[in-house]
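Here is a short note to read beside the model. Please keep the sequence and the 3D view open while you go through the points.

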Amino acid sequence: KRLSYRQDLSFKLALEGGTATTTASSAGDVVIKGANADEPIVASLDRIPLPSPEFTTYSISLVEASFTVANTTGKNVTALEMLNILSDIEYIHIRANFFQTGNAGRAFLDDVALRVASLTG
């Protein structure tokens, strides 16, 4: 998926019931692990999702400025690391648990899309 570099990963998320957390996770909201990388890269959403039956669309730009290594306080990702991970993606993890402990609701994830650049001009 190397052609996803400088493209977007987008998805829709809806939360139902429960009490939403007001703190971000240091583990990140989107985690991408490459088969050739020792550690995953992580990104945070631009806002913490709130409970709503309506889907909200989120998008993460697949550029090094959007990600850090291992956790949200890790070192910045280099362009070479980004390309290495995108060239052989092992997994993509999208956080859906934005509820306070003991106040769990349900999360719905939909329309996950990894945009890929075209090889034609």
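**Notes on the fold and its core**

1. Start with M82. Setting aside neighbours within four places in sequence, M82 is in contact with Y5, I41, L62, V63, E64, F67 and V77. Contact here means heavy atoms within 4.5 Å. M82 is found in helix α1. At 0% relative accessibility, M82 counts as buried. The cut-offs are these: buried is under 20% relative accessible area, exposed is over 50%, and partly exposed is in between, with a 1.4 Å probe and protein chains only. M82 and L62 are 20 residues apart in sequence, yet their C-alpha atoms are 8.1 Å apart in space.

2. A word on the source. This is a predicted model, in which local features need pLDDT of at least 70 and side-chain atom pairs count only at pLDDT 80 or more, while totals for chains, interfaces and linings use all residues. Residues are numbered from 1 along each chain as its sequence is written, and side-chain values use heavy atoms, with hydrogens and water left out.

3. Now the overall fold. The protein has one helix and seven strands. Helices (H or I, at least four residues) and strands (E, at least two) are DSSP runs, numbered from the N terminus. Along the sequence, the pattern reads β-β-β-β-β-α-β-β. The radius of gyration is 15 Å, close to the 14 Å that the globule rule gives for 121 residues, so the protein is as compact as a globular protein of that length. That radius is taken over C-alpha atoms, and the globule rule is 2.2 Å times the number of residues to the power 0.38. The C-alpha trace spans about 45 × 30 × 20 Å along its principal axes.

4. Which residues have the most contacts inside the largest nonpolar core? They are F67 and M82, in a core of 23 residues. Two or more residues each come from β1 (8-16), β2 (30-34), β3 (41-43), β4 (52-61) and α1 (79-87). β1 gives the most, with four residues. A nonpolar core is a set of buried Ala, Val, Leu, Ile, Met, Phe, Trp, Tyr and Cys residues joined through side-chain atoms within 4.5 Å. In soluble globular proteins, nonpolar side chains tend to be buried together.

5. Look at F67 next. Leaving out neighbours within four places in sequence, F67 is in contact with V30, I32, I41, V42, A43, I60, S61, L62, N76, V77 and M82.

6. Is L45 buried or exposed? At 12% relative accessibility, L45 counts as buried. L45 lies in the loop between β3 and β4. Not counting residues up to four places away in sequence, L45 touches F11, D29, V30, Y58, I60 and F98.

7. Compare two other loop residues. A65 lies in the loop between β4 and β5. A65 is exposed, with a relative accessible area of 75%. N71 sits in the loop between β5 (68-69) and α1. N71 is partly exposed, at 27%. Beyond its neighbours within four places in sequence, N71 is in contact with S26 and V42. The C-alpha atoms of A65 and N76, eleven residues apart along the chain, are separated by 7.2 Å. For N71 and S59, twelve residues apart, the separation is 19 Å.

8. Check two backbone angles. Most residues other than glycine have a negative phi. Phi of R6 is near 70°, a positive value in a residue other than glycine. R6 lies in the segment before β1, and at 59% relative accessibility R6 counts as exposed. Phi of D111 is near 50°, also positive. D111 is found in strand β7 (residues 106-114) and counts as partly exposed at 44%.

9. Last, burial overall. Buried residues make up 31% of the 121 residues in the protein.
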